[in-house]
Amino acid sequence: MQNGISIYPGLDNTLSENLALIETAAALGLPRLFTSLHIPETDPGALKRELGVLLKAARAHHMEIISDVSPATLTLLGLKEFNLSAFRMLGITTLRLDDGFTCEDIARLSHNSQHIRLQLNASTMTGRLLQKLVDAKTDFSSIDALHNFYPRTGTGLSEETLARKTAMLHKAGIRVGAFLPSQNGRRRSPLRDGLPTLENHRATPTSLAARHLVALGIDSVFLADALPTDEELRCLASLEDNQVVLAADLLTRDAAQKHLLTQTFTARIDEARDAVRAQESRRLLQGNIAPEHTAERPCGAVTIDNSGYGRYMGELEIIKNGQPADPRVNVAAQVKESDRFLIDYISPGRRFSLFFPA
């Protein structure tokens, strides 16, 4: 996944803090950097002093630099006109076009000779606007989309809205990104209430919020707050593309079952009523599975059929509707309560996997 960080020169972080964030993100393989050049609270003098230094550091690590721009950007940077070459000279490779740009403007800019990519505001996109972009002969090969983040509590998107707009853009062949907040103590000015795309992520642990966005079909995830922890950055770097990943508690001690639980699976197309069935688990099995922990199977239980089930030995399931104990079925793990809602996103044909936090 092409995930990224955010920096806001001239706002809260010191220059050294922002440079350290770039270094850490690059070392973890995070390839994208988002910044905004039209935040009213920005100190223009500090921005002009720091921006070139920060973008040079990001370019040294071959990061894609995405800048949120609007007509207010001209004033902030002291530019007389909206000139793509000026952004290119700064090293900005993608412009996220916010308020003040018409569909005709976007279409014209999509055919630029500066090799600058464009990014649509996914949160405000409608079918009508998308059709106007098509009619204006926009070059969609150089365009993706990124949802807004929402500083004020209670203003973030609903899951239904995000899913609907993302599906619309995907149908047009446009990849879509979204933001999540850091749960670190310090947040971006002026409100310091976190910067989520989804309102229900405002206080959600970063790992769970990030995996939820991926389960919803988001293609790239950005940490919107500019002082994330190293753990949050590592979480972003380890995200799996288009895959539902569930945190679970390991219950088995058996080597064959442990090995099976580390694999990535595909949910069977013929969806069962009571469980998610792994398509590949029986052929991935290495060794024999003896009966072990053949307990009751509540919602979220991860089960593996043992030798008592004959040719079904190795069948891995995640239980959706609770079932009684069966001597032929081992309960090898249990999805954590916080993650059980993600089971509903494992639709037929969807990839899924488990991990076991320490």
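What share of the contacts in the protein with a separation of 6 or more comes from residues 24 or more positions apart? The figure is 77%, and it belongs to a predicted model. The protein has 358 residues, and 53% of them count as buried.

**Overall build**
- You'll find 11 helices and 15 strands in the protein.
- The C-alpha trace spans about 75 × 45 × 35 Å along its principal axes.

**The largest pocket**
- The largest pocket has a volume of about 520 Å³, and 24 residues line it.
- If you want to find its centre, look for Ser 207, Leu 208, Arg 211, Cys 235 and Phe 355, which are the lining residues nearest to it.
- Two helices, H8 (206–215) and H9 (230–237), each bring at least two residues to the lining.
- Strands E9 (243–250) and E15 (351–355) also supply at least two residues each.
- H8 gives the largest share of the lining, with four residues.

**Enclosed cavities**
- Two cavities of 30 Å³ or more turn up in the model.
- The largest cavity holds about 70 Å³ of space.
- Much of the naming in its lining falls in one stretch of numbers, including Ala 267, Arg 268, Asp 270, Glu 271, Ala 272, Ala 275, Val 276 and Arg 277.
- Lys 320, Ile 346, Ser 347 and Pro 348 line the largest cavity too.

**A look at Ala 178**
- Ala 178 sits in strand E7, which covers residues 176–180.
- Ala 178 counts as buried because its relative accessible area is 0%, and the cut-off for buried is under 20%.
- Leaving out residues up to four places away in sequence, Ala 178 touches Leu 146, His 147, Leu 162, Thr 197, Leu 213, Ile 218, Ser 220, Val 221 and Phe 222.
- Ala 224 is 46 residues away from Ala 178 in sequence, yet their C-alpha atoms are 9.1 Å apart in space.

Terms used: Residues are numbered from 1 along each chain as its sequence is written. This is a predicted model: local features need pLDDT of at least 70, side-chain atom pairs count only at pLDDT 80 or more; totals for chains, interfaces and linings use all residues. Side-chain values use heavy atoms; hydrogens and water are left out. Buried means under 20% relative accessible area, exposed over 50%, partly exposed in between (1.4 Å probe, protein chains only). Contact means heavy atoms within 4.5 Å. On a 1 Å grid over the protein atoms alone, a cavity is a set of points where a 1.4 Å probe fits but cannot get out, and a pocket is an open set with protein on both sides within 12 Å along at least five of seven lines; lining residues have an atom within 4 Å of a point. Grid points are joined across faces, edges and corners, and a volume is the space filled by probe spheres set on the points.
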